[in-house]
Amino acid sequence: MATRKPIPKIYSPVVWPTWLIVGLAWLITRLPLNWVFALGRGLGRLMYRFGHARRSVTEINIAHCFPERSPAEQKQLVRDTFESVGIGAVELMIPWLNPSRDLSEHFTVSGREHLDAALAEGRGVVLVGGHYAVMDVICQPLSDIGNIDVMYRFNKNPVWEWLQVTGRKRYFDGVIERDDTRQTLRRLKKGRAIWYAADQDYGKKHSVFAPFFGVQAATIVATSRFARLNKSPVLMLSQTRDAEQQRWHIRFSPVLENFPSGDDQADAERMNKMLEAEIRLHPEQYLWLHKRFKTRPEGEASFYPKHNA
């Protein structure tokens with residue numbers, strides 16, 4: 001059995017390049033927003049040019065999810081996706097590394113009344129989102145709303161792990177590793193909202209196959225189970241960027257009626273359908289770089305080449 005590589009210490013020379021990137025990001029977060037956006041676009045173009053493996057994944061995902069588009073249109077969507085992800089990678093550093101910077105005038109929030117009403121029930125709230133190019137830049141307006149905790153995925157790079165946890169804890173009382181089910185339930189029982197993304201492929205063990213852009217995708221059933229265990233209302237949370245106007249928009253949906261339904265399959269299909277509808281509004285702002293279709297139904301070949309596995 002192969003042994004796991006030890007996780008390096010936070011000041012190990014192995015992670016010094018990451019510290020250099022963090023230092024550069026600290027400087028960038030103090031620049032005017034138009035510079036931040038321009039540098040983000042440039043980063044996205046570099047990622048597109050040199051990130052062969054991720055570009056291949058993105059091309060495969062978009063070809064499967066947008067078969068109605070011509071090859072030229074698909075290629076343009078791939079390019080736009082990388083630019084949007086590049087901007088997202090830079091803008092998320094602002095709340096993490098320059099938390100005193102006030103971006104409030106650049107945000108609009110709609111549907112807050114739905115969240116407030118759900119929180120008032122006192123049974124916690126499950127806030128379901130997706131892996132969009134716009135992510136942690138919305139920390140400040142979410143924290144201003146209050147009583148929201150977030151889930152995240154542990155990172156083996158100790159610098160990035162420190163940065164993402166410390167950065168988020170500036171705004172959220174609870175920053176919960178995705179496998180910590182007990183803490184998630186405890187916080188729901190305290191009446192808090194839990195924000196997490198339900199759109200990644202975690203394998204067959206805790207998933208069912210449900211259509212996502214017409215493709216069968218392994219879809220986690222945790223959304224239904226969290227809501228069922230604490231009888232918590234479920235809302236969708238989406239966030240988008242207007243790069244030209246340098247603005248972000250956050251939207252809370254109304255509480256999902258008859259959710260969970262008691263049928264994990266039906267709930268997963270409904271959740272994917274709602275996520276798909278949100279993504280289609282701004283498809284370039286979704287994280288098509290991740291392997292959404294890595295797990296395939298029995299007997300179906302992998303979408304991704306072995307070097308991308």
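Which residues form one aromatic cluster? They are Phe66, Tyr132, Phe212, Phe213, Tyr286, Trp288, Phe293, Phe303 and Tyr304. Some notes on this and the rest follow.

1. Ground rules. This is a predicted model, with local features needing pLDDT of at least 70 and side-chain atom pairs counting only at pLDDT 80 or more, while totals for chains, interfaces and linings use all residues. Residues are numbered from 1 along each chain as its sequence is written, and side-chain values use heavy atoms, with hydrogens and water left out.

2. Aromatic pairs. Searching the whole structure turns up 17 of them. A pair here means rings of Phe, Tyr or Trp (its six-membered ring) with centres within 6.5 Å; planes under 30 degrees apart are stacked, over 60 edge-to-face, and the rest tilted. Tryptophan 19 and tryptophan 162 make a tilted pair, 5.5 Å centre to centre with 45° between the planes. That pair links distant parts of the chain, 143 residues apart: tryptophan 19 sits in helix 1 (residues 16-28) and tryptophan 162 in helix 8 (residues 158-169). Helices (H or I, at least four residues) and strands (E, at least two) are DSSP runs, numbered from the N terminus. Tryptophan 19 is partly exposed because its relative accessibility is 23%, and tryptophan 162 is partly exposed at 37%. For these labels, buried means under 20% relative accessible area, exposed over 50%, and partly exposed in between (1.4 Å probe, protein chains only).

3. An edge-to-face pair. Tyrosine 196 and phenylalanine 226 are 6.2 Å centre to centre, with 80° between the planes. Tyrosine 196 belongs to strand 5 and phenylalanine 226 to helix 10, so this pair ties together parts 30 residues apart in sequence. Tyrosine 196 is buried, at 7% relative accessible area, and phenylalanine 226 is buried too, at 9%.

4. Helix 9 on helix 10. Two packed helices are described by the angle between their axes and the distance between the axes. For helix 9 (residues 181-189) and helix 10 (residues 222-230), the axes come within 10 Å and cross at roughly 45°. Axes are lines fitted to C-alpha atoms, for helices over the stretch in contact, and angles run from 0 to 180 degrees between N-to-C directions. Helix 9 and helix 10 are therefore oblique to each other (under 35 degrees is roughly parallel, over 145 roughly antiparallel, 65 to 115 roughly perpendicular, the rest oblique). On the helix 9 side the contact (heavy atoms within 4.5 Å) uses Thr181, Thr184, Leu185, Leu188 and Lys189, and helix 10 supplies Phe226, Leu229 and Asn230.

5. Helix 2 on helix 4. The axes of helix 2 (residues 33-50) and helix 4 (residues 71-91) come within 7 Å and cross at roughly 130°, so helix 2 and helix 4 are oblique to each other. Contact residues include Phe37, Gly40 and Gly44 of helix 2, and Phe82 and Gly86 of helix 4.

6. Two loop residues. Glutamine 200 is in the loop between strand 5 (193-197) and strand 6 (207-212), and glutamine 200 counts as buried because its relative accessibility is 13%. Leaving aside neighbours within four places in sequence, glutamine 200 is in contact with His131, Arg153, Ala218, Ile220, His290 and Arg292. Asparagine 157 is in the loop between strand 3 (148-152) and helix 8 and is partly exposed, at 22% relative accessible area.
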